[in-house]
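The sequence and structure come first.

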Amino acid sequence: MNHNQHHPVVLVHGFAGDGMATWGFQVGALTKCGHDVYVPDLVHFGGSTSRSPDRSVAFQARCLAAALRNLGVAGPCTVVGFSYGGLVALQMAAACPGLVRSVVVSGCTVTYTSAMKDALLSRLSARSITELMLPETVGQLRRLFSTAMHMKVWFPRRLLKDFLKVMYNNRKERAEMLDDMVNMRGKEASAPVFQQNILLLWGENDNFFPIEDGESLKEELGEKATLQTISKAGHLAQLERPCVYNRYLKKFLAAHSPFELVNTSS
């Protein structure tokens with residue numbers, strides 16, 4: 001694979017799934033128009049683990065950058081992050097401007113404060129962020145999916161049971177990640193100054209990070225950032241409306257890729 005001719009695109013998943021479960025509708029669409037697509041599992045997701053006690057977003061960003069370099073991706077790449085993966089993408093962009101050329105994020109902010117957490121729990125009538133994001137029962141998982149999606153989709157109980165069994169290992173480590181995400185990152189005062197162009201690709205009906213959060217983030221990031229909304233989509237916009245999501249994503253990549261790519265209109 002010749003990385004001098006193909007632009008690397010890194011797809012970073014959120015908290016309720018692994019890489020392929022999150023980005024299944026994007027991989028083929030991006031490879032079809034000439035991108036090298038990387039779909040990593042963050043530490044303590046999928047088959048990825050670490051002996052380090054560090055549970056910070058910054059640790060995830062450092063591990064992801066190191067993994068890409070080990071694969072021969074020294075830059076420039078585009079990092080696409082969803083929800084928790086958006087936090088990681090922005091952290092990596094701030095820390096590694098030579099590696100990250102541009103960023104696309106959905107349903108996230110640069111910092112996640114206690115006030116944001118409390119508002120989310122109140123909005124969704126949840127008792128704790130851990131109970132919400134680390135469901136232990138089919139009922140809890142069904143609630144997570146129903147609040148994350150604008151469309152009303154019925155999932156068979158067997159599918160949800162299998163999803164719980166496959167996707168929710170390393171619960172202790174992930175609970176500590178949630179705690180660190182709120183308590184540590186929430187202390188930061190303002191967003192860093194990013195060198196990259198940033199696309200904020202937002203579901204208009206996002207219950208986890210309402211569109212107002214996207215508008216505030218756009219103002220915080222300034223002229224380097226563009227906000228694009230997707231109607232009839234919630235937090236899981238890339239799964240609910242993949243064709244629309246992919247169209248905006250490919251348009252952004254075509255405008256900010258250092259290489260000429262093909263078939264971006266499909």
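How many bridges join S5 to S6, and do these strands run parallel or antiparallel? The two strands run parallel, and 6 bridges join them. The model is predicted.

**Sheet**

- Six strands form an open sheet in the order S2-S1-S3-S4-S5-S6, and their pairing is parallel.
- The edges of the sheet are strand S2 (36-38) and strand S6 (225-230). Each has a single partner strand, so one side of each is left without a neighbour in the sheet.
- From one strand to the next, the twist averages 20 degrees.
- In general, the strands of a sheet pair through backbone hydrogen bonds, in either a parallel or an antiparallel sense.

**Strand pairs**

- Strand S1 (residues 8-12) pairs with strand S3 (residues 77-82) in the parallel sense, over 4 bridges. Within this part of the sheet, Val10 stands opposite Val79 in S3.
- Strand S4 (residues 100-106) runs parallel to S5 and is joined to S5 by 4 bridges. Ser102 has Asn197 in S5 as its bridge partner.
- On the S6 side, Ile198 stands opposite Ala225 in S6.
- Strand S5 (residues 197-203) has 6 of its 7 residues buried, so this strand is largely enclosed by the rest of the structure.

**Cavity**

- The structure holds 1 cavity of 30 Å³ or more. The volume of the largest cavity is about 150 Å³.
- Its lining consists of 13 residues. Ser83, Tyr112, Met133, Met181 and Phe209 are those that lie nearest the centre of the largest cavity.
- Helix H3 (84-95), helix H5 (129-133) and helix H8 (171-183) are the elements that give two or more residues to this lining.
- By class, the cavity lining has 11 nonpolar and 2 polar residues, with no charged residues.

**Pocket**

- The largest pocket has a volume of about 440 Å³.
- This pocket is lined by 24 residues, and Ala21, Phe145, Phe163, Leu236 and Leu239 lie nearest its centre.
- At least two lining residues come from each of helix H1 (19-32), helix H6 (138-148), helix H7 (157-167) and helix H10 (237-240).
- The pocket lining divides into 18 nonpolar, 5 polar and 1 charged residues.

**Cysteines**

- Taking a disulfide as a pair of cysteine sulfur atoms within 2.5 Å, the count for this model comes to 0.
- Cys108 is in no disulfide, and the nearest cysteine sulfur, that of Cys77, is 16 Å away. Cys108 counts as buried because its relative accessibility is 1%, and the cut-off for buried is under 20%.
- Cys243 is exposed, with a relative accessible area of 62%, where exposed means over 50%.

Conventions. Residues are numbered from 1 along each chain as its sequence is written. This is a predicted model: local features need pLDDT of at least 70, side-chain atom pairs count only at pLDDT 80 or more; totals for chains, interfaces and linings use all residues. Side-chain values use heavy atoms; hydrogens and water are left out. On a 1 Å grid over the protein atoms alone, a cavity is a set of points where a 1.4 Å probe fits but cannot get out, and a pocket is an open set with protein on both sides within 12 Å along at least five of seven lines; lining residues have an atom within 4 Å of a point. Grid points are joined across faces, edges and corners, and a volume is the space filled by probe spheres set on the points. Ala, Val, Leu, Ile, Met, Phe, Trp, Tyr, Cys and Pro count as nonpolar, Asp, Glu, Lys and Arg as charged, and the others, Gly among them, as polar. Buried means under 20% relative accessible area, exposed over 50%, partly exposed in between (1.4 Å probe, protein chains only). Two strands pair if DSSP finds at least two bridges between them. Axes are lines fitted to C-alpha atoms, for helices over the stretch in contact, and angles run from 0 to 180 degrees between N-to-C directions.
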